[in-house]
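Grab a pencil and keep the viewer open.

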Amino acid sequence: MRRSLIRWSLFLLAAAVFSLPLVSWAQLTKADLDSRLKMESHVGNITGHAKDGAADYHRYCEGCHGVRGDGNGEVAQWFDPPNFPKPRDFQLGIFKCRSTPTGTLPTDQDLYDAISRGFDRSGMPIWNTFTKQERVDLVAWVKHFSPRFVSEKPGTAIQIPPEPEVTAERVKAGREVFARVQCWKCHGVTGEANGPSASTLQDDLGRPIAAFNFTEGSRPKCGDTDQDIYRIFMTGLDGTPMPSFADNIKPDEAWDLVFYLRSLMREPSKEKAIAQQLGLKPVDPNAPAPTQ
Amino acid sequence: MKTQYKFVAVLSTVVLIACAALVHMPQVNAAGEGKITGTVKLDGPPPHMKGIDMSKDPYCVKANANSTPKMENVVVGASGGLENVVLYISEGLSASALAEKSTTIPVFDQKNCVYTPHVLAMDVGQTFKVETSDQTAHNIHPNPNPMTGNIPWNQSQPPGAPPVEKSWKAPEWIEVKCNIHPWMHGWFAVVKGPYATTDANGNYTINNVPPGNYTVTAWQEQFGTQTAKVAVAAGGAAKADFTFKSK
């Protein structure tokens, strides 16, 4: 009798202890959020105020991202990863498309760009229906969901050097980088997202996620300029399997890699024409690994 | 009125006790540091560890040609000793003892497509290093709870990559994964103060412990935590053995 009593109290204690971090992590109270209503954002010379973004969020964003910004809005249950990724959980403060190093908060400009650009192959449309001021206010409202925006500063944006001229040497050199850092492990030797590790990829919350397929004509999630692609190597896409290569790819090599990736894409480009002219073959996955 | 008196009485008692505690606080002296040693064992049959199919990456298969790689959630030595258990002082360390930081840099290696060691213990704020000995690309992807103050990051380590040096802000058991090789699974065990990890026989020694009374906690990734009380004398060695039960 007594023993079972002890066992029960131990169980309850353990349950209480284990649920503590869960409560503070996943369930921010209204009081938590109210304390952050003064959150501001700055994009260009526009200042955004969280309070002013609340109404637009409620009207246009809440259905997916949820009242508390945890990504559990009413319709989130119908999102079906990997083909239709779940809405972002703003409370964690972890964002894919940043100009800042892996493990740091994005800048206000990054969040503004995400709202303006939308995310291809997801439920997130292009929100260019909002005025600039409305978007900057929404950035402040999105930030107010995560305690991290109170305690931390955004990372320092990476520097992107001017884009060099596309040459045959550069496209060829980009192929070498593709082979050396083994992009093909997930993206496949032809860029068709069919590498040996593609099928088991998961995001940080354990949900299936697909590698980018370069050949089907989709827009890369974080923008489709050469600069946008360059940025991804140096920052990684936090919350996903895509790591940062900042320690492993030099700025010049990163441009080479951008050009080689363009040659894998379906859209006609100077890079694609060069690769065809050179008769570039896909990299050999069984070749001994070249070291840097 | 009466409740006010009571309040004042309680308050003054608390203040008195606090003052007494401050006066009698043991003085930390580096010369008199002792240690805590012991053995962690597993009682009962060791749970079955699943074998690993590495056929996704021919390099990994070749690297493990002479062994049969298995999951390492529970590693038991010949005499029942439990490996990869982290021991640390969960109660009793003074603020000055906690402020003392080790200058050693623990190393987490990616070797033969597994993490060596499987569990890397470290102090809060202590720099650690992630290396790769493999001729295949890894990505090193720890996944802490960002609400603790530990922020997840994800860095690539292709063959010959330079080591990654980092540290963590808060105590936490942080799971580490490689997305390229989904079987790769390890831990960063971040604790406050001195720590130790058990060897293949389940033995451990926590060094640099100032004299005092402590609670030692043993953490095993599958079996959770256990605690024991120890008294460390100046320059002496206290003993704390632990036994985890397998079902």
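This is a predicted model: local features need pLDDT of at least 70, side-chain atom pairs count only at pLDDT 80 or more; totals for chains, interfaces and linings use all residues.

Residues are numbered from 1 along each chain as its sequence is written, chains are lettered from A and ligands numbered from 1 in the order in which they are written, and side-chain values use heavy atoms, with hydrogens and water left out.

**Exercise 1.** Find the disulfide of A:Cys97 and describe it.

Solution. 
- Step 1: look for a pair of cysteine sulfur atoms within 2.5 Å, which is what counts as a disulfide. A:Cys97 pairs with A:Cys222, S to S 1.9 Å.
- Step 2: A:Cys97 sits in the loop between helix H3 (50-65) and helix H4 (108-117) of chain A, and A:Cys222 in the loop between helix H8 (184-187) and helix H9 (226-235), so the pair links distant parts of the chain, 125 residues apart.
- Step 3: check the burial, where buried means under 20% relative accessible area, exposed over 50% and partly exposed in between (1.4 Å probe, protein chains only). A:Cys97 is buried at 11%, and A:Cys222 is buried at 5%.

**Exercise 2.** Is A:Cys64 buried, exposed or partly exposed, and which cysteine sulfur is nearest to that of A:Cys64?

Solution. 
- Step 1: A:Cys64 is in no disulfide, and the nearest cysteine sulfur belongs to A:Cys61, 8.7 Å away.
- Step 2: with 23% relative accessibility, A:Cys64 counts as partly exposed.

**Exercise 3.** Explore the largest nonpolar core.

Solution. 
- Step 1: collect buried Ala, Val, Leu, Ile, Met, Phe, Trp, Tyr and Cys residues joined through side-chain atoms within 4.5 Å; such a set is a nonpolar core. The largest has 35 residues, and those touching the most other members include A:Phe178, A:Phe233 and A:Val258.
- Step 2: ask which helix gives the most. That's H10 of chain A, with eight residues.
- Step 3: locate the core. Domain 1 (30-151) and domain 2 (168-278) of chain A both give residues, so the core lies between them; the domain bounds come from an automatic or database domain assignment.

Conventions
Helices (H or I, at least four residues) and strands (E, at least two) are DSSP runs, numbered from the N terminus.
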